[in-house]
Amino acid sequence: MTIDIEADKDEDREEGQNCNIMASLAVPSQHPRARERASSVCDSDIDLNIRVISYEDTVRKLDHYYGIVKRQLLQNQSITLGIFPLVSQETEVADMRTSIYCSACIWSLFQAYRRIDDDRGKAYELGQSCVKCMRGILTCWMRQTNLVENFKKGQNPKYALHSKFHLITGEEVISSDNYGHLQIDVVSLYLLFLVQMINSGLQIIYTMDEVTFVQNLVYYVERAYRTPDFGMWERGSKYNNGTPELHASSIGMAKAALEAINGCNLFGEKGASWSVIFVDIDAHNRNRSIFETLLPRESSSKNVDASLLPTISFPAFATHDQMLYSKTRSQIINSLEGKYGFKRFHRDGYGTVMEDKKRRFYHSAETKEFEKIECQWPLFYLYMILEGMFKSKEEQVEEYKNKLKPLLKRDKWGDPVIPMYYYFHKDNIEEERAEPGSQYCQPSVEGTPKNLFLWGQSMWIITSLLMDNLLHINELDLIRRHLPSYNRPRKGGRYSAFQSKNSKGTASDLVVQVVLIAESMRLQAMMATYGIQTQTPHEVEPVQIWPPRELVKVYQNLGVSEKLGLQGRPTRPIGALGTSKIYRVCGQTVLCYPLVFEVSDFYLSHDMALLIDDIKTELHFVGKYWRLSGRPTVCILIREEHMRDVHFRELLDLLAMLKTGYCDGLKIRTGRLQNLISSSCIEHLDFMSTMNIDLDITPFEQLQHASIGYQSLTDVPTAITYSEDSMSFKDMGLQPTSEVLNVLRSVSTLHGQTQLLGILLRREGPDFQVDGVSVNDRLCALLRQASSLRYWAAVRECTALLAKEVESISPYITTVLVSGKQLTAGYGNDEILLDKPVQPAEIHDLFYTPALQSHNVVQAVLQQEVVLYCGKLIATHTQLFNGILNIRIGWMIKAMTYYLHDVCKVKETIESLAPNEVRRLVVKVLSLDEWAHKEKLTPQQIRVIDGCLGRTPKRFYEKVFNILSKTTQGVRLCDQLLPQQPTISEMSSGELNFALTVQSLLNRIQHPEYRQIVVEVFSVVATILERNPELKFPHELNLDQIVREAFKMFLKDLGRDWKDDMSSFYNASQVAVTSYLARAIVNFMLSGDIRSEIEEGSTFCQVS
């Protein structure tokens, strides 16, 4: 079945070459079932599903495509490295993304040829061409092992693997200073197709050095979730100003690559155990979580982007959440599809006649010039056809086949050629802007018969092979990425495999196995009196119980190569999912307890109530996000120190609940470890068996006692509730050191000693000796004493003076950021804005700033604590953060302090509360709407708390954008002007970056009540403009002036004289405040040289 394509035909072309030119765009009529059953077909069924009707016809069709591949692709393959340029006229620069797609295309024809008995050597030739390309890419990257090693440590763009190399020599052709090489999706795409090709039987990886390097490529992409990159379009943010962003397409590609390569043997079926690749399941989960949080958005500046099509569909199939998939897909189609293809994203200047090709970056607000005239790429019609094939949507295939048909060109052989993009001629730009879709587009010079766009040609050939029934989707996707993981063929063998049970990715019948380990026999005996059966470390032998840090030591040996200068896995902690596997290491069976049971330097581990909450959270987290075959096994560690805690009975209640088989709806199975191993997920760390290394491992040791001892809780010495008189020693900062030492020797209170040691620390340094003991050591001893007494004020101050950090806080910061929020640490003018993910090494400098320490040294740890709680809450209770765009930690603590002192009338300070009480306070202020009316808060109290949190009503930023579009001179607040231009030219109303710009203006206000009044002003102005669309502000909109005018009228109506204290106004109801603000706004409009569109004297503003 052949479709005629409109194009000029060479008169002297040989007869017969016309046939089958675009058979690929024909929907086969004889085998509709082939795709209907695609989701359930197995390898052995392929020949049955796609029966070759005519052997000769199949051979002829395959030979036709072989000719196209030879002429269009292999003709442009590098003779030395096998890599490909972006376009066929390029003779020097190879493009890695294009090379991967070309390789995938050649491989797909190789797969098709394997069906026939006698391919006359063509399959072998194609397979070897594919291998050469994949090895060429690997060779280029292996020359940059120093970059990989440095990138692992800090994800700095200057250490990114290059995406462009010299076509012949493989040398670097452009530096990271002059081009955005950091494109996580390219490395991920390589790993994805590497696995597909190895599964087809191709030998691509030859040596253990190469295996080691690929393992390091896995480390390279594992942290995509917090690595702003330049994305598929190589430019970063849509403003093209050199700024990288977190891209959903890059993170999704990384997620798919990690799933694909986990447990893959790079030497194929004949490989040994040491050529297997390992993936950190917790890193995968963070990528999955953040990818799904970002969708359907691509990045902060791009609400929608066509690069998400290959991410959610072929080749990555990165999400099987049907709702997310449909929402993202429909947003791309509705926003970006045109008559000539898809736009890449809104205001994309690439290829337009308005773009200055001589400049690398755009000027501020330049993107406005490209609005409604963006180039359209036919390439994405091919992705839509492919998606239709994989989803068995015949109508979609037919639709996009017909749309693509008139866009194709043909070369002298009669073979179709895909233009790179279509652009508007400069003479048609104004008409197109006035009436989008009305003007004719011209094809680009890239993607012509003399200058082929190789990515497009590759995708066309793959699509054609599928549509001509020469290739089945299961031959193109051997590892079944297009199926949800629970429908994929199960991996056998010794390594964990991703395997979920339903469309949500969690099993309704998933059981989390729990092993209870008691630290000593007397603790075990005492627990037994309460009906809680536990095991001691001795009883689970030969299985060993390890702290998670010991497993980190083992993994540090994975991917080590002195020859290549690679140091293996970075010292990242093992997360909750990683500690839920059972490991086989060097003949030993190991179970790790989770990080929450690690007695850390930071004080949170000393709060039993917080630990109980964390255990529940941990179990539910594992139950929700477990993606591996086999059940998760969680080790709950019970220490003797827990017995002495006032909250120990709550721990007993939790353990008793687990014994019933449920934990807040989650299925739990408790039992002896020996009985649970057979149903567990077991990971064999075989790479250790090849290494001659003496591991310095310290397993968790059982405590030994002379007698079993305690028989019940009443025998256990519980911790006393410690308190002391608080006294400030701030004035001692002015006294000489000798005087400070004298006072220190006479002070017995913990808080007093801490303050005095703090003065000595700042003045003399940590090694200064006090009675033969250094200041640092005395602080450590004081911290231990305060921790055992649970005296939190001294605990926090000692921790801050010793400059300690919360473990693994970086992922929580990233979770907040990708939820579309910003994070601010510090206070006032010294606030530090976090708008991109933070590396662990940067955490210290973030919180231990001189400004924060001089303000209040305890804030350094208290703010870390609150960041941690916000990161955990935003993942599980997103609704608490509705209307909050910038989580200002210092201001959130102010809201908590205000609630404690002014609403609850409690004298305690925040820093003296137990960590679990601080967490409950965070939840309390965030859930203000749920209880404010019930607890009878005054309007002023509500405004203060909401103002501290920075909460705004729905559609607030769209309203501000509308106001700004009608205010030519801009909006002024606190002597800061938000100009109309270039703001509305550079940004759009729904864009995250615009909302952040408005936030930065509001953040200048130092009084939270006043901030909320300003938010109300914006809302009232927006309402007036919506109901009177003809109105405009020809002069500057001064918000402070409007509030002042409203307050004057308020005082006048009350019969009071003017005063600066606005408390009475803040405490007025929202209805009353709105009416005064509306009157003030109308007066403000009448006072200026008013209305540009209304006749003088005929203003009738509808306010209510």
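Buried means under 20% relative accessible area, exposed over 50%, and partly exposed in between, with a 1.4 Å probe and protein chains only. This is a predicted model, in which local features need pLDDT of at least 70, side-chain atom pairs count only at pLDDT 80 or more, and totals for chains, interfaces and linings use all residues. Residues are numbered from 1 along each chain as its sequence is written, and side-chain values use heavy atoms, with hydrogens and water left out.

**Colour by confidence**

Start with pLDDT, the predictor's confidence in each residue, from 0 to 100. The protein chain averages 86, and 90% of the residues score at least 70. Select residues 1-44: pLDDT stays under 50 there, and the model has 94 contacts beyond four places in sequence for this stretch. A contact is a pair of heavy atoms within 4.5 Å. Residues 48-52 also stay under 50, with ten contacts beyond four places in sequence.

**Salt bridges**

Next, show the charged side chains. A salt bridge here is a side-chain nitrogen of Lys or Arg within 4 Å of a carboxyl oxygen of Asp or Glu, and the structure holds 52 of them. Helices (H or I, at least four residues) and strands (E, at least two) are DSSP runs, numbered from the N terminus.

Select Arg 120 and Asp 63, whose closest N and O atoms are 2.5 Å apart. Arg 120 is in the loop between α4 (96-113) and α5 (122-142), while Asp 63 belongs to helix α3 (residues 55-73), 57 residues away in the chain. Arg 120 has a relative accessible area of 45% and is partly exposed; Asp 63, at 22%, also counts as partly exposed.

Move to Arg 135 and Glu 210, a salt bridge with its closest N and O atoms 2.8 Å apart. The pair ties helix α5 to helix α8 (residues 208-222) across 75 residues of chain. Arg 135 counts as buried at 18%, and Glu 210 is buried at 8%.

Then select Arg 943 and Glu 1016, with closest N and O atoms 2.9 Å apart. Arg 943 sits in helix α35 (residues 939-949) and Glu 1016 in helix α39 (residues 1008-1027), 73 residues apart. Both ends are buried: Arg 943 at 5%, Glu 1016 at 11%.

To end this part, select Asp 57, Arg 60, Lys 61 and Asp 468, which are linked in a network of salt bridges.

**Helix α16**

Select residues 454-467. This is helix α16, with 14 residues, reaching 20 Å from its first C-alpha to its last, close to the 20 Å expected at 1.5 Å a residue. The expected span is 1.5 Å times one less than the number of residues. The helix is mostly covered, with 14 of its 14 residues buried. Just after α16, Asn 469 takes a positive phi of about 65°.

**A three-stranded sheet**

Finally, show the open sheet of order β22-β21-β23, which has mixed pairing. Strands β22 (832-834) and β23 (886-888) stand at the edges with a single partner strand each, so one side of each has no neighbour in the sheet. The twist averages 20° from one strand to the next.

Two strands pair if DSSP finds at least two bridges between them. Strand β21 (residues 822-825) pairs with β22 in the antiparallel sense over three bridges, and Thr 824 has Leu 833 in β22 as its bridge partner.

Axes are lines fitted to C-alpha atoms, for helices over the stretch in contact, and angles run from 0 to 180 degrees between N-to-C directions.
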